Amino acid sequence: MACPSWTLKADSFGPIAHAEITLSPLTVFAGKNSVGKSYLSSLIWAIMAPRDSGFENQNRFVDSSFYKEIAPKIENIVQEPIQEESLHKIIGGDDFLEIVRCFVSFTNELINHKNTIDALFDSVFSEEISVSIRFPQSELSEHISKNIIKASRTLSSYFPDDIDSQKKSFARAVLIDTFEEFLSGGNRKKSIRYLPAARTGLMILYNSMVVNLLKSLSWSSEDEREKFPASMVNFLGNLGAITGKRVGPFRDVGEMLERDVLRGRVELTPIAGNGFNFIPEGSNQVIPMHAASSLVTELTPLVVFLKWSDVSTLIIDEPEAHLHIDAQRIVARALARLINRGVTVILTTHSEIILQEIDNLMHLYLHPQRERLCKKYEIREDELINPDKACGYWLKEGKGGSRTIPMEKRREGLVYPEMNNTLYKILEITSDIQDEDAEDGEEQ
């Protein structure tokens, strides 16, 4: 599985004045409240899952002027079976280069559609909003050529006597496949799991929210429909699709969280849309989500997805919410295990504990005493993070909105200047208070 290689640029996007980010297998967003971290994580989900978010709109596909320019050129290429000896000529030809150029404009036209973005967030954004993606040319060319070759060979094999009538649909398939694959990071069938903030509230009200969501989707009047952001609909839908019949490839990580953090196990409840219960360790007592602790309700969605579904990309807002600091460290190590097994992890956080644990795991990766220190602190090899696979962005407040600032990466890990400044201030105040206590003691 691959991490998307595009660079995202967003301007006048909610509280964000300007953001420019390139993802890594681990990408961290940090900053103060209300600076746009969740806006960015939601937008990244929407781009990586265009079919679920609405960016992949069939009507806008065919209505796009760029589509009308690209499609005939693809039709000309796919209508003849492509042989190995002709690949170089086709890929280096003017028509193919024009397809690549137009594809960039075509994709950015779709993801910069203001009505879609407004609907995604159930909000109305500024008319100045701008969202775009910058593509690595060579990788994009590879994706497009692969799909053209596949379409050409399928067309000639299965429709040898009907190529002219079928080539339009195959040209569209090339564009759809490339659009989905490239945005998701190489595989359009990826399982992209987005876990929004405030998961406790969502889990407590999960059953009633699913019922209301189903009702709203069945009502005919747009005015009567209850509004749900697309990311929340996707989150609830993914939970509702869990049957428990499939063992996820990362079940062991989910069970680690149950054992070391929850001290119990999460089980499915066979009701409409699915429900979830918690059974404490060493007990047969079944606790429904609305009666469970906030620790359980916050972590249950992550445990459920890891135990019973595939996960190729995990986007999680505030993984530290309602967790004791010891639990935060364990969650950070669980995320590290996922990264080392090919999962792209994108997280927003306010937690210096999560950040410091990530830094420790990065520092240890290249540490000369790595083996000794890992043994001493019971850190597994698959919990260490290669610094080359991590990046971070600080959302810094400023005039007109926040801006993304790439975090400096040192031998010790990522640098979080504003959070460190706050910690230094607390330490300074504590030291002053203790010094005054010492002086008062001496006077007495």
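Ser24 sits in the loop between strand S2 (16-22) and strand S3 (26-31). Helices (H or I, at least four residues) and strands (E, at least two) are DSSP runs, numbered from the N terminus. Ser24 counts as buried because its relative accessibility is 13%; buried means under 20% relative accessible area, exposed over 50%, and partly exposed in between, with a 1.4 Å probe and protein chains only.

Some remarks on the model itself. This is a predicted model, in which local features need pLDDT of at least 70, side-chain atom pairs count only at pLDDT 80 or more, and totals for chains, interfaces and linings use all residues. Residues are numbered from 1 along each chain as its sequence is written, and side-chain values use heavy atoms, with hydrogens and water left out.

On confidence, pLDDT is the predictor's confidence in each residue, from 0 to 100. The protein has a mean pLDDT of 86, and 88% of its residues reach 70 or more. Which elements have the lowest and the highest mean pLDDT? Helix H11 (residues 206-218) has the lowest, at 60, and helix H13 (residues 251-262) the highest, at 98. Over residues 218-225 pLDDT stays under 50, and for this stretch the model has seven contacts beyond four places in sequence.

Nine strands form an open sheet with mixed pairing, in the order S4-S1-S2-S12-S11-S3-S10-S9-S5. Two strands pair if DSSP finds at least two bridges between them. Strand S4 (130-134) and strand S5 (192-195) are the edge strands, each pairing on one side only. From one strand to the next, the twist averages 15°. Axes here are lines fitted to C-alpha atoms, for helices over the stretch in contact, and angles run from 0 to 180 degrees between N-to-C directions.

Within that sheet, strand S11 (residues 390-396) and strand S12 (residues 402-406) pair in the antiparallel sense over four bridges. Trp394 stands opposite Ile405 in S12, and Tyr393 stands opposite Pro406 in S12. The hairpin of S11 and S12 has five residues between the strands, and Gly400 takes a positive phi near 85° there. S2 and S12, by contrast, pair in the parallel sense over two bridges, with His18 opposite Arg403 in S12.

Helix H1 (residues 37-48) lies across several strands of this sheet, including strand S1 (7-13), strand S9 (313-317) and strand S10 (344-349), and runs at about 130° to S1.

Next, the interior. A nonpolar core is a set of buried Ala, Val, Leu, Ile, Met, Phe, Trp, Tyr and Cys residues joined through side-chain atoms within 4.5 Å. Which residues have the most contacts inside the largest core? They are Trp6, Leu8, Ile44 and Ile47, in a core of 65 residues. Helix H9 (residues 163-184) gives the most to this core, with nine residues. A second, separate core has 62 residues, including Ala30, Leu306, Leu335 and Met419. Returning to Ile44, and not counting residues up to four places away in sequence, this residue touches Trp6, Leu8, Ile21, Leu23, Phe29, Ile315 and Ile346.

The cysteines deserve a word. How many disulfides does the structure hold? The number is zero, a disulfide being a pair of cysteine sulfur atoms within 2.5 Å. For Cys391, the closest cysteine sulfur is in Cys3, at 7.8 Å, and so is too far for a bond. Cys391 counts as buried because its relative accessibility is 13%. Cys102 is also buried, with a relative accessible area of 0%.

Finally, a second region. An open sheet of three strands has the order S6-S7-S8, with antiparallel pairing. Strand S6 (264-269) and strand S8 (287-288) are its edge strands, each pairing on one side only. Strand S7 (residues 275-280) and S8 pair over two bridges, and the bridge partner of Asn277 in S8 is Pro288. Helix H14 (residues 294-308) lies across S6 and S7, running at about 70° to S6.

Note on methods
Contact means heavy atoms within 4.5 Å.
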